[in-house]
Amino acid sequence: MSLLERIRVLVARNLLQLDDTPHRIAFGVFWGFLIGATPTIGIQVVLYLAVASVVGANRISGILPIWLSNPVTAVPLYYSEWQIGRLLVTGSFGTAAESWGVISTAIQPAAGQSWWSRILELDLYVKLFDAMVSLGVELWVGSVLVGVAVGGIGYYFAYHAVKKYRQAS
């Protein structure tokens with residue numbers, strides 16, 4: 001079974017067949033993408049479950065979209081979001097030397113260490129979290145903007161997919 005086929009089966013079994021309204025399922029997808037875009041790796045599932053409970057979203061449908069950010073995508077995702085936030089907050093697009101220094105120091109593997117072994121270390125995520133705090137508002141503005149945009153698209157497709165799936169059944 002190909003990767004695309006596995007993803008299709010996963011979505012069909014775990015999203016389209018949920019026993020909830022199309023809106024609540026799609027709303028869960030929206031919040032999953034929004035929280036998945038934020039620099040909250042490590043607490044995203046707990047954060048999502050709390051938010052989904054408060055806003056009335058389906059608590060299962062947003063679990064998969066949370067993995068928008070993961071150990072492989074975290075650095076490019078957060079860097080891109082920071083650039084977007086930097087443009088909106090400061091009006092300039094580009095890398096400030098001091099900001100890039102904070103990021104590069106956080107992600108550098110030790111001498112003789114591979115990037116793959118670095119990804120598995122807790123220290124990387126502690127240092128990334130510290131770097132994100134120091135970059136602050138720019139990263140959060142970009143993260144929320146990207147999360148709302150991707151979440152909105154996810155909501156639209158999830159809502160219509162659930163409705164179409166149920167009409168066909």
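What separates Tyr155 and Tyr159 in helix H9? The two are four residues apart in that helix (residues 137–168), so about one helical turn lies between them. The model is predicted: local features need pLDDT of at least 70, side-chain atom pairs count only at pLDDT 80 or more, and totals for chains, interfaces and linings use all residues. Residues are numbered from 1 along each chain as its sequence is written, and side-chain values use heavy atoms, with hydrogens and water left out.

**View 1. Phe27 and Phe30 in helix H2.** The structure holds six aromatic pairs (ring centres within 6.5 Å, using the six-membered ring of Trp; planes under 30 degrees apart are stacked, over 60 edge-to-face, the rest tilted). Phe27 and Phe30 are stacked because their ring centres are 6.2 Å apart and their planes meet at 10°. They sit three residues apart in helix H2 (residues 22–37), and so about one helical turn separates them. Phe30 is buried at 16% relative accessible area (buried is under 20%, exposed over 50%, partly exposed in between; 1.4 Å probe, protein chains only). Phe27, Phe30 and Trp31 form one aromatic cluster.

**View 2. Tyr155 and Tyr159 in helix H9.** This aromatic pair is stacked, at 5.9 Å centre to centre with 10° between the planes. Tyr155 is partly exposed, with a relative accessible area of 23%; Tyr159 is also partly exposed, at 23%.

View 3. Leu16 is buried, at 12% relative accessibility. Not counting residues up to four places away in sequence, Leu16 touches Val11, Ala161, Val162, Tyr165 and Arg166 (contact means heavy atoms within 4.5 Å).
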